[in-house]
Amino acid sequence: MFNEFFSRQDLLLIKPAVLLALFGCGILLTDLLHERRHKYLNAVTALLGLGFTGVQLALIQRAMSAAGYSEVSGFSGGLVVDGFALYFTWIFLIATAIAILFSVRYLEVENEHHGEYYALMLFSLVGMYFLATAMDLITLFIGLETMALSVYVLAGFLRGDRRSNEAAMKYFLLGAFSSGILAYGFSLLYGLTGSTNLRAVADALVARPSGDPVVYLALITTATGLLFKVAAVPFHQWAPDAYEGAPTSITGFMSTAPKAAAFAFLLRVFLVPLAPLRPAWEGLLVVVCVLTMVVGNLAAISQNNTKRLFAYSSISHVGYMLLGLVAGNETGLKGIAVYLLVYVFMNLGIFTVLVALRRKDIIGDEIEDLSGLFFKNPVSAVFMLIFLLSLAGIPPTAGFLGKYFIFLSLIETRHYVLAVIAVVFVVVALYYYFRLVVMMFMREATDPERLNISPGVAVALAITLAMTLVIGIYPEPFIRLAAGSVLVPFR
Amino acid sequence: MPPITLAALKPYIMMVLIVGIGPLGVGYLVLLERKLMADMQARLGPMRVGPQGLLQPIADAVKLLLKEDVIPGMVDKWVFWLAPCVTVTTALAAFAVVPFSSDFVITDVNIGVLAILALSSVGVLGIILGGWAANSHYPLLGSLRATAQMVSYEVVMGFAVVAVLLMAGSLSMVEIVKAQAESHRWFLFGAFPFGLIAFFMYYVAAMAETNRSPFDLPEAESELVAGFMTEYSGFRWALYFLAEYCNIIVVCSLAVTLFLGGWLRPFPSVTWLGWLDYAAPVGSFLLAGGLSLYLVKRQPRAFDQIVLAAVGLALLAVAGLFAWPAFNALFRGVFWFMAKIMVLVYSFMWVRFTFPRYRYDQLMRLGWRVMIPLGIVNVIAIGIVLVLKG
Amino acid sequence: MLDQFFFYIFASVILLGGLLTITRRSAVHSAIFLIATLLGIAGLFLHLQAEFLAGVQVILYVGGIMVLFLFVIMLVNLDQAARQRQFNRQWWLALLAAAAVCGEALYGLYRGRGAFTFPGAVPGNMPPNTQAVGNALYQNYMLPFEVASIMLLVAMVGAVVMAKKRL
């Protein structure tokens with residue numbers, strides 16, 4: 001009866017999102033049944049949901065490879081599942097799973113253990129799924145808002161904490177503002193091209209006379225909105241405040257899954273509808289990249305709050321990743337994919353340790369709180385060291401791999417100056433990462449309180465460390481995976 | 001430039017008539033309400049001005065117009081002035097899409113139902129702003145109550161309306177009535193029994209939207225003096241009053257159009273009942289005229305006797321006109337429409353004098369926990385029924 | 001001719017309303033002018049023969065959202081806020097920046113005016129397009145329509161989480 005509106009294929013393609021949404025609603029309902037001390041069951045449900053979604057994703061992947069399709073589209077071209085979408089969806093799922101693992105104990109300590117936390121995480125995943133798969137401006141925008149709204153609320157989840165409220169407020173206001181700019185850009189794109197389908201937009205933009213100022217207006221507003229979402233300088237101001245105030249577990253989540261989603265969104269928009277305008281945005285992006293690396297790294301040096309420091313560090317990483325888009329060749333795009341995957345693991349690893357630092361009466365997000373970590377808990381101190389090395393990009397770790405591809409792509413496309421700047425700032429980054437190392441290994445502990453390592457935290461630590469090392473030492477399968485995710489720029 | 005004909009001028013004439021006669025009609029509605037209330041309380045009601053108090057509305061209007069127009073000192077003058085204007089304008093504007101009959105409709109826009117809902121939702125602003133501008137406690141409380149009540153019951157009303165739209169397949173008021181003629185039944189009985197449920201929901205929501213008892217919390221006189229109108233007096237107060245009764249007529253005419261077959265006579269497709277088209281108007285006007293003439297000799301004053309006799313004769317004349325086929329064919333739609341509206345208005349008043357006022361939390365609970373879920377289920381059920389019928 | 005006249009009327013209502021919205025001291029006055037702006041937009045929709053959109057615009061924005069705005073404004077005591085200064089000391093800088101952006105946009109639109117091609121207006125009245133809106137929502141834009149429901153659920157859950165004292 002509804003065949004003209006909706007086919008089996010459409011259902012198959014949105015099944016991961018449907019599963020996530022159903023599990024989210026399920027958590028909202030079953031939360032009412034759990035006693036206070038059994039709230040961890042919500043986390044189990046959420047992980048179960050992620051598991052089902054992963055299976056569904058694998059089924060889609062297998063069906064696609066069995067039929068030999070590299071991409072399947074549904075909803076009359078409004079949705080595309082291709083290597084790019086699948087790769088990013090896997091990143092979102094993994095990042096969320098790890099974040100859920102280390103959230104349980106943290107929420108118990110904060111005494112804010114509610115099912116809504118996990119439900120909102122799953123809902124934000126729904127939004128991310130559509131950011132990775134949508135081929136339609138409206139779907140992209142609504143997916144973005146679904147994700148962003150959930151994350152705003154999560155950032156303010158510690159309702160008794162002023163900083164958390166402030167973070168949510170700032171994040172919300174600036175996020176809404178940037179969404180407004182983005183919507184303005186999208187509306188101009190629609191007005192110029194008469195379609196909301198990304199490919200149709202690209203086609204129509206190719207057909208327009210070059211040097212049309214209105215197109216630039218659309219490009220600049222769209223780009224501003226996108227760069228806001230990935231927190232690139234000069235649109236980064238919200239990030240440190242939001243990261244500092246948000247619950248530590250959410251800061252870890254925010255800096256990985258939604259960031260990867262924003263990147264998927266940015267890549268999709270820059271490489272499909274805006275691809276014909278590449279000459280126009282390349283220069284813009286170079287400036288943004290350099291500024292992002294400079295400001296991110298230099299500002300990180302003077303931070304005394306760990307979460308703030310990692311906010312700036314994450315800003316600087318955005319700068320590196322955007323360089324891959326500047327290069328724009330296959331190596332560069334592959335580099336972004338690898339970089340994001342690696343970044344998810346190493347950053348979540350760091351935040352796992354930071355979450356474990358939150359103990360009764362100790363907030364644990366100042367740099368001093370790390371002091372003497374080696375003497376208190378040598379294992380986590382060593383883990384932290386490895387993650388920091390990886391963030392800085394030191395060879396045997398995975399972080400090196402991401403930077404390697406980015407630099408390689410820059411050299412391949414003859415952006416030598418950019419490559420040199422990037423390398424210089426790697427050194428700067430080493431400085432502030434080693435401030436933390438010095439704290440951990442060479443200072444006396446300021447408080448006797450032991451680390452709060454729950455089973456979830458232990459598992460999260462093990463996974464992140466294993467992946468950080470495995471990708472660093474045996475990268476071939478991951479490189480192959482990333483190569484499969486490269487989005488061919490629209491021509 | 002199209003030639004100016006009577007047909008082209010008809011909408012404008014109707015506009016003038018509605019804006020001109022509307023206030024008078026409202027005055028008599030108030031008289032009707034007072035008389036009814038008196039009757040139910042075993043009193044006589046207004047009897048002094050004119051025969052049986054028939055000229056009371058005119059006396060009231062003159063009093064209100066001549067009264068001093070008091071603007072309290074600390075009010076926000078601009079908003080205080082704006083608010084009643086908004087309410088009365090939107091209330092009168094809503095008549096633009098009301099089809100009194102297939103011939104008598106100012107304009108038949110294809111979003112007629114939406115237009116009425118939109119205008120009524122703008123009219124709410126007048127109530128809210130008026131209460132706020134007065135800068136006084138009771139009006140503010142009244143407006144706060146009005147806001148929450150209107151927003152909640154607008155949703156209920158929306159669901160009830162959607163139920164009819166599903167059956168009619170159009171948003172135009174004229175088309176909706178025509179759809180009822182084609183389906184040989186009023187939508188009240190469409191998709192039985194879900195049409196009835198929709199009508200019940202509409203009826204309750206309409207009462208809440210027009211601030212009628214038992215939902216008259218925004219102006220609950222025993223609690224808030226006069227609610228949002230407390231600080232208003234004279235002409236501005238009259239505007240609010242006019243708007244309120246206009247709104248009652250508007251929601252009733254929407255109900256008649258959506259559920260009760262608009263200008264169609266009862267059992268529109270049963271041909272052997274065609275005599276009703278003559279019998280009902282002629283009979284009712286004859287009855288009214290006869291009653292007036294019967295009461296003439298009971299009047300104490302000669303002036304009253306003359307007036308009542310004139311009224312009675314006029315009513316008999318109208319009865320005669322309705323016996324004339326050409327006139328009947330033109331105006332029977334209007335008669336049925338008005339008759340249905342009067343039945344509804346009567347029931348509104350009846351409810352007012354019968355039920356005690358709801359408490360605020362009860363009102364909200366009824367709206368959100370009972371009516372809205374019921375509305376959603378009802379719309380889904382009607383959808384299923386319609387799909388099953390094909 | 002009449003078309004243009006109405007366009008300019010509505011456009012000036014929108015612009016003036018918008019300006020007054022941000023410059024009034026009293027929050028209620030701002031809300032009233034915002035209502036005027038929204039009504040102007042509804043007028044523009046009507047002008048484009050998108051009557052369904054116009055109706056929905058009034059019902060949702062004026063009848064729903066703005067009524068709730070006013071509700072909140074009345075609940076919160078804004079007397080204090082009305083007496084404080086409304087703009088910070090850098091307002092002229094902001095004005096300059098806004099003017100610059102506005103100038104750029106205008107220049108861009110002026111330079112690119114040749115690139116705008118509008119389909120000619122259909123003579124007479126368009127057929128009723130309520131059904132067209134429904135079809136678009138359930139065919140081409142079914143997916144965003146459905147995802148929007150998740151978004152609204154998130155907003156609802158979020159509002160409860162942020163506002164409720166005890167979860």
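**Entry 1: one helix of chain A**

I take the expected span of a helix as 1.5 Å times one less than its number of residues. I am working on a predicted model here, and I started with helix α4 of chain A, which runs over residues 115–133. I noted 19 residues in α4(A) and a reach of 28 Å from its first C-alpha to its last, close to the expected 27 Å.

Next I asked myself: is α4(A) buried or exposed? I found 19 of its 19 residues buried, so α4(A) is largely enclosed by the rest of the structure.

**Entry 2: a helix pair in chain A**

Then I looked up how α5 (residues 137–155) and α6 (residues 162–193) of chain A pack. I read an angle of about 175 degrees between them, with the axes 9 Å apart. Angles over 145 degrees count as roughly antiparallel, so I wrote down α5(A) as roughly antiparallel to α6(A).

Which residues make the contact? On the α5(A) side I listed several, including A:Leu137, A:Phe141, A:Leu144 and A:Tyr152. From α6(A) I picked out, among others, A:Ala167, A:Tyr171, A:Phe172, A:Gly175 and A:Phe186. By class, I have 14 nonpolar, 3 polar and 1 charged residues in this contact. A:Glu145 of α5(A) is also one of the contact residues I saw.

**Entry 3: chain C against chain A**

I moved on to chain C and its neighbours. I found 24 residues of chain C in contact with 34 residues of chain A. On the chain C side, α5 (91–111) and α7 (142–163) each supply at least two residues. Which helix gives the largest share of that side? I have it as α7(C), with 13 residues. I sorted this side of chain C into 18 nonpolar, 5 polar and 1 charged residues.

**Entry 4: chain C against chain B**

How many residues of chain C are in contact with chain B? I noted 17, and they meet 23 residues of chain B. The elements of chain C that give two or more residues to this side are α2 (27–47) and α3 (51–75). I put α3(C) down for the largest share, 13 residues. My class tally for this side of chain C is 12 nonpolar, 4 polar and 1 charged.

**Entry 5: domains of chain C**

Last, I checked the domain assignment. I have chain C divided into domain 1 (1–88) and domain 2 (129–167). How far apart do the C-alpha centres of these two domains lie? I wrote down 24 Å.

Key
Residues numbered from 1 in each chain as written. Chains lettered and ligands numbered in written order. Predicted model: local features only at pLDDT ≥ 70, side-chain atom pairs only at ≥ 80, totals over all residues. Contact = placed C-beta atoms within 7 Å. Helix = DSSP H or I, 4+ residues; strand = E, 2+ residues; numbered from the N terminus. Nonpolar A, V, L, I, M, F, W, Y, C, P; charged D, E, K, R; others polar. Axes fitted to C-alpha atoms, helices over the stretch in contact; angles between N-to-C directions. Parallel < 35°, antiparallel > 145°, perpendicular 65-115°, else oblique. Domains from an automatic or database assignment. Buried ≥ 20, exposed ≤ 12 C-beta atoms within 10 Å, placed from the backbone.
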